[in-house]
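Here is a briefing on one protein model. Please look over the sequence and the coordinates first.

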Amino acid sequence: MPADDDLVIEAEEVAEFLREAALLREHLDAIAETTRRPRGLAEHRAGLVRRLRNQEVAALHARMIEGGVLIR
């Protein structure tokens with residue numbers, strides 16, 4: 001998904017999205033080290049953790065109500 005588009009996760013895709021988020025979480029150090037960042041590494045990693053956590057919380061809530069997620 002291009003970075004400038006919204007990500008729409010339909011209800012039937014939420015479980016797969018959560019599995020993919022778990023994979024990202026496992027590799028956060030490598031992602032933080034190899035992606036562009038305007039701040040220091042620790043601050044960049046913390047921002048990635050925060051955004052991923054927000055997305056996971058939204059997906060968990062969507063799973064509870066059998067809905068989808070829109071990530072902007």
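The points below run from the overall fold to single residues.

This is a predicted model, in which local features need pLDDT of at least 70 and side-chain atom pairs count only at pLDDT 80 or more, while totals for chains, interfaces and linings use all residues. Residues are numbered from 1 along each chain as its sequence is written, and side-chain values use heavy atoms, with hydrogens and water left out. The protein has 3 helices and 2 strands, arranged along the sequence as β-α-α-α-β. The structure holds 5 salt bridges.

**Fold and dimensions**

- Helices (H or I, at least four residues) and strands (E, at least two) are DSSP runs, numbered from the N terminus.
- Along the principal axes, the C-alpha atoms fill a box of roughly 40 × 25 × 15 Å.
- Contact means heavy atoms within 4.5 Å.
- Of the contacts with a separation of 6 or more, 62% are between residues 24 or more positions apart.

**Surface and burial**

- A residue is buried under 20% relative accessible area, exposed over 50%, and partly exposed in between (1.4 Å probe, protein chains only).
- The protein has 72 residues, and 25% of them count as buried.
- Its accessible surface is about 5,500 Å². Carbon and sulfur atoms contribute 53% of that area.
- Areas come from the Shrake-Rupley method with a 1.4 Å probe; for residues, only the protein chains shown count as cover.

**Charge**

- There are 11 positive and 14 negative side chains. Lys and Arg count as positive, Asp and Glu as negative; His and the chain ends are not counted.
- The centres of the two sets lie 10 Å apart. Each charge is placed at NZ of Lys, CZ of Arg, CG of Asp or CD of Glu.

**Salt bridges**

- Side chains of opposite charge can pair when their charged atoms come close. The term salt bridge here requires a side-chain nitrogen of Lys or Arg within 4 Å of a carboxyl oxygen of Asp or Glu.
- Arg 72 is exposed, at 77% relative accessibility. Asp 6 is partly exposed, at 34%.
- Arg 45 bridges to Asp 29, and the closest N and O atoms are 2.5 Å apart. This pair also links distant parts of the chain, joining helix α3 (residues 41–65), which holds Arg 45, to helix α2 (residues 28–34), which holds Asp 29.
- Arg 39 forms a salt bridge with Glu 43, at 3.1 Å between the closest N and O atoms. Glu 43 is partly exposed, with 48% relative accessibility.

**Arg 45 and Asp 29**

- The C-alpha atoms of Arg 45 and Asp 29 are separated by 7.1 Å, with the residues 16 apart along the chain.
- Both residues are partly exposed: Arg 45 has a relative accessible area of 31%, and Asp 29 has 44%.
- Beyond residues up to four places away in sequence, Arg 45 touches Leu 28, Asp 29 and Ala 32.

**Other residues of helix α3**

- His 44 lies in helix α3. His 44 is buried, at 12% relative accessible area.
- Not counting residues up to four places away in sequence, His 44 touches Ala 32, Thr 35, Arg 36 and Arg 37.
- Glu 56 is in helix α3 as well. Glu 56 is buried, with a relative accessible area of 14%.
- The side chains of Glu 56 and Arg 25 are joined by a polar contact of 2.5 Å. A polar contact is a pair of N or O atoms within 3.5 Å; within protein, one must be able to donate a hydrogen and the other to accept it, and residues adjacent in sequence count only if both atoms are side-chain atoms.
- Leaving aside neighbours within four places in sequence, Glu 56 is in contact with Leu 18, Ala 21, Ala 22 and Arg 25.
- Leu 60 also has its place in helix α3. Leu 60 is partly exposed, at 38% relative accessible area.
- The C-alpha atoms of Leu 60 and Leu 18 are separated by 8.0 Å, and the two residues are 42 apart along the chain.
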